[in-house]
Amino acid sequence: MTDIRMGVVGVAGRMGRALVREIVAADGAVLAGGIERSGSDHIGRDIGELAGVGTLGIEAVDNGQALCAASDVVLDFSSPASTVALAKQAARAGIVHVIGTTGLSEDDIAQLTEAAREAVIVRAANMSVGVNLLLELTREVASRLGPDFDIEIAEMHHRMKVDAPSGTALALGEAAAQGRGINLSEVSERGRDGITGARKRGDIGFAVLRGGTVAGDHTVIFAGDDERIELTHKAADRAIFARGAVRAGLWGAGKPAGHYTMADVLGFNRS
Ligand code: NAD
């Protein structure tokens, strides 16, 4: 079988560089190119050198359409605006768009769903195998324990992260709400400060820490009377997300158009 050509969006970013390293090392995939935002100092730089894997003879450019034309799959960990724009180009080109970008609005997601009518989109706030299992466990534990157990979700990330709570923390909140058969938007408690009053029964709370170079820690706490269950995942290196994205790209190649998740890629979706 011929190798799947993979392009990288946001190729000079922390995840972009990790994606280049994974694609170069992966069986069945070949690096097709990489784009950066117009005006970036990294345009024209060799993307292998940016990623620390030596010169590859491929320069970072700022043309999404050209990247889509040269790729079977684009891996995109960039910004909401660039992801929505790229989804339209990827859909027109009929290629797979793997999206790790977080901080997407409801309107952004609606536009991605529209693009997924024409082509494959695989989107997950967290592409690691471990976190996707944590989502399953959270749903299961929430459904078994019921509202006598208060649910709190704590996350910590590096000092440069721009959105909060993390997309993964929100996905864990969604999983807990699904397990309880309720709507997260009706019970979400995202910022406690001052005299807040007692905790409201059934709320799902979020706590956010930022600092250092932490790649991503998440804990879901189920706090009952006199006992507590804590489910924790700690990412030691962002290579785990890049590995998951490459796996999603290989999985998505040849699939029918649709808006898929990592649970589909990993075979966790039983329905
Ligand atoms: P980063 O800021 O280091 O990298 C983002 C890159 O995208 C930058 O180099 C930026 O210049 C580039 N970019 C912005 N607009 C662009 C455009 N129009 N065209 C091309 N490139 C553009 O950030 P990061 O830490 O690499 O994270 C990127 C995103 O991925 C964030 O939303 C983050 O939350 C998310 N993330 C997701 C996962 C996951 O598993 N799903 C894991 C880690 C990070």
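View 1. An N or O atom in the side chain of T102 is 2.6 Å from an oxygen atom of the ligand, and an oxygen atom of the ligand is 3.1 Å from a polar side-chain atom of K161. There are 21 residues around the ligand, of which R14, M15, E36, T102 and M127 come nearest; a residue is counted here if one of its heavy atoms lies within 4 Å of the molecule.

**View 2. The contact of helix α1 with helix α9.** Helix α1 (residues 14–25) packs against helix α9 (residues 239–252) at an angle of about 60°, and their axes are 9 Å apart. That makes α1 oblique to α9, since angles under 35 degrees count as roughly parallel, over 145 as roughly antiparallel, 65 to 115 as roughly perpendicular and the rest as oblique. Axes are lines fitted to C-alpha atoms, for helices over the stretch in contact, and angles run from 0 to 180 degrees between N-to-C directions. Helices (H or I, at least four residues) and strands (E, at least two) are DSSP runs, numbered from the N terminus. On the α1 side the contact (heavy atoms within 4.5 Å) is made by M15, A18, L19, E22 and I23, and on the α9 side by A239, F241, A242, R243, A245 and V246. By class, this contact of α1 with α9 has nine nonpolar, no polar and two charged residues.

**View 3. The contact of helix α4 with helix α5.** The axes of helix α4 (residues 80–93) and helix α5 (residues 106–115) cross at roughly 15° and come within 9 Å, which makes α4 roughly parallel to α5. Residues P80, T83, V84, A87, K88 and A91 of α4 make the contact with D108, Q111, L112 and A115 of α5. These residues divide into six nonpolar, two polar and two charged.

**View 4. The contact of helix α6 with helix α7.** Helix α6 (residues 129–145) and α7 have axes 7 Å apart and pack at an angle of about 30°. In α6, the residues V131, L134, L135, T138, R139, A142 and S143 meet T168, A171, L172, A175, A176, Q178, G179 and R180 in α7. The residues of this contact divide into eight nonpolar, five polar and two charged.

**View 5. Backbone details at P165 and D226.** The peptide bond from A164 to P165 is cis, with omega near -10°, and P165 is found in the loop between β7 (150–157) and α7 (167–180). Although D226 is not a glycine, it has a positive phi of about 65°, and its place is in the loop between β10 (217–224) and β11 (227–234).

**Notes on the views.** Residues are numbered from 1 along each chain as its sequence is written, and side-chain values use heavy atoms, with hydrogens and water left out. Because the model is predicted, local features need pLDDT of at least 70 and side-chain atom pairs count only at pLDDT 80 or more, while totals for chains, interfaces and linings use all residues.

Terms used:
Ala, Val, Leu, Ile, Met, Phe, Trp, Tyr, Cys and Pro count as nonpolar, Asp, Glu, Lys and Arg as charged, and the others, Gly among them, as polar. A polar contact is a pair of N or O atoms within 3.5 Å; within protein, one must be able to donate a hydrogen and the other to accept it, and residues adjacent in sequence count only if both atoms are side-chain atoms.
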